[in-house]
Amino acid sequence: MIQFMLLFSRQGKLRLQKWYTAYSQKEKKKTSRELVSTILSRRSKMCNFLEYRDYKVVYKRYASLYFCAAIGPDDNELITLEIIHRYVELLDKYFGSVCELDVIFNFEKAYYILDELLVGGEIQETSKKNIIRAITAQDMLQEETESPKSTQSVLEEMGLA
């Protein structure tokens, strides 16, 4: 099971964090800070797996972003690396060659995509097509509710306009 997932830049700025187990705010900050500094200090040719406290940490750098996931000691590192890669593929498909700015300005979409992929630290959906379909449906629903015409028609249907 994935304990938490972090996305951060080469400068060490945390861009996205998702915690699947309960931690205090202080513990989250400390863990994030320590992991970011540890991973950034490693050379690019070093292994993408490391042990941190009671976890195995799996990370991968894509362009200017690091994707990092902590898993239990009995979990498979290669599957976790594949989950990270699947998440990056989904971000690429949605944003069209994802970059750090996409995650910064559309963080709610990045979280939504992650939530479609993982639930409670476990893989929920493996099909990219199904995840993209769900995201597209959510986008259409959001556009529908944001348009003033749609709001007016909803009020009319309810007999309030």
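Analyst: Before we start, one term is needed: a residue is called buried under 20% relative accessible area, exposed over 50%, and partly exposed in between. Please keep in mind throughout that this is a predicted model.

User: With that cut-off, is Ala-63 buried or exposed?
Analyst: Ala-63 sits in the loop that runs between strand S4 (55-62) and strand S5 (65-71). Its relative accessibility is 62%, and because the limit for this class is over 50%, Ala-63 counts as exposed.

User: What is the phi of Ala-63?
Analyst: As a general rule, most residues other than glycine have a negative phi. Ala-63 is a residue other than glycine, yet its phi is positive, with a value near 55°.

User: Where is Ser-97 found, and what is its phi?
Analyst: Ser-97 is found in the loop between helix H2 (77-95) and helix H3 (100-105). With a relative accessible area of 58%, Ser-97 is exposed. Although Ser-97 is not a glycine, its phi is positive, at about 60°.

User: How many helices and strands does the chain have?
Analyst: Read along the sequence, the elements follow the pattern β-β-α-β-β-β-α-α-α-β-β-α-α. The C-alpha trace of this chain spans about 60 × 35 × 30 Å along its principal axes. In total, the secondary structure comes to six helices and seven strands.

User: What share of the residues of the chain counts as buried?
Analyst: The class of buried residues takes in those under 20% relative accessible area. Applied to the 161 residues of the chain, this gives a buried share of 37%.

User: Which element gives the most residues to the largest nonpolar core?
Analyst: This core holds 27 residues, and Phe-67, Tyr-87 and Leu-91 are the ones that touch the most other members. Two or more residues each come from strand S1 (2-9), S5, H2, helix H4 (107-117) and helix H5 (128-146). The element that gives the most, with seven residues, is H2.

User: How many residues apart in sequence are the parts that Lys-18 and Asp-115 tie together?
Analyst: In general, side chains of opposite charge can pair when their charged atoms come close. The side chains of Lys-18 and Asp-115 meet in a salt bridge, at 3.0 Å from N to O. Because Lys-18 lies in strand S2 (residues 14-19) and Asp-115 in helix H4, the pair ties together parts whose separation in sequence is 97 residues.

User: Are Lys-18 and Asp-115 buried, partly exposed or exposed?
Analyst: Lys-18 has a relative accessibility of 22%, so it counts as partly exposed. For Asp-115 the relative accessibility is 31%, and the class is again partly exposed.

User: Which residues are joined with Arg-53 into one network of salt bridges?
Analyst: Arg-53 forms a salt bridge with Glu-27, and the closest N and O atoms are 2.3 Å apart. This pair links distant parts of the chain, since Arg-53 is in the loop between strand S3 (49-52) and S4 while Glu-27 is in helix H1, 26 residues apart. Arg-53 is partly exposed, at 41% relative accessible area, and Glu-27 is partly exposed as well, at 27%. Through salt bridges that share partners, Arg-53 is joined into one network with Glu-27 and Glu-34.

User: By how much of a helical turn are Glu-89 and Arg-86 separated?
Analyst: Glu-89 forms a salt bridge with Arg-86, with the closest N and O atoms 3.3 Å apart. Because the two are three residues apart in helix H2, their separation is about one helical turn.

User: Which residues gather with Lys-30 in a patch of positive charge?
Analyst: Lys-30 is found in helix H1 (residues 25-41), and with 37% relative accessibility it counts as partly exposed. The patch lies on the surface, where Lys-30 gathers with Lys-26, Lys-29 and Arg-33.

User: Is Asp-139 buried or exposed?
Analyst: The place of Asp-139 is in helix H5. Its relative accessibility is 15%, and because the limit for this class is under 20%, Asp-139 counts as buried.

Technical notes
Residues numbered from 1 in each chain as written. Predicted model: local features only at pLDDT ≥ 70, side-chain atom pairs only at ≥ 80, totals over all residues. Heavy atoms only, no water. Patch = residues over 30% accessible without salt bridge, like charges linked within 9 Å, V, L, I, M, F, W, Y side chains within 5 Å. Areas by Shrake-Rupley, 256 points an atom, 1.4 Å probe, with all protein chains shown as cover. Salt bridge = Lys/Arg side-chain N within 4 Å of Asp/Glu carboxyl O. Lys, Arg positive; Asp, Glu negative; His and termini not counted. Charge placed at Lys NZ, Arg CZ, Asp CG, Glu CD. Helix = DSSP H or I, 4+ residues; strand = E, 2+ residues; numbered from the N terminus. Buried < 20%, exposed > 50% of the residue type's maximum accessible area, 1.4 Å probe, protein only. Core = buried A, V, L, I, M, F, W, Y, C linked by side-chain atoms within 4.5 Å.
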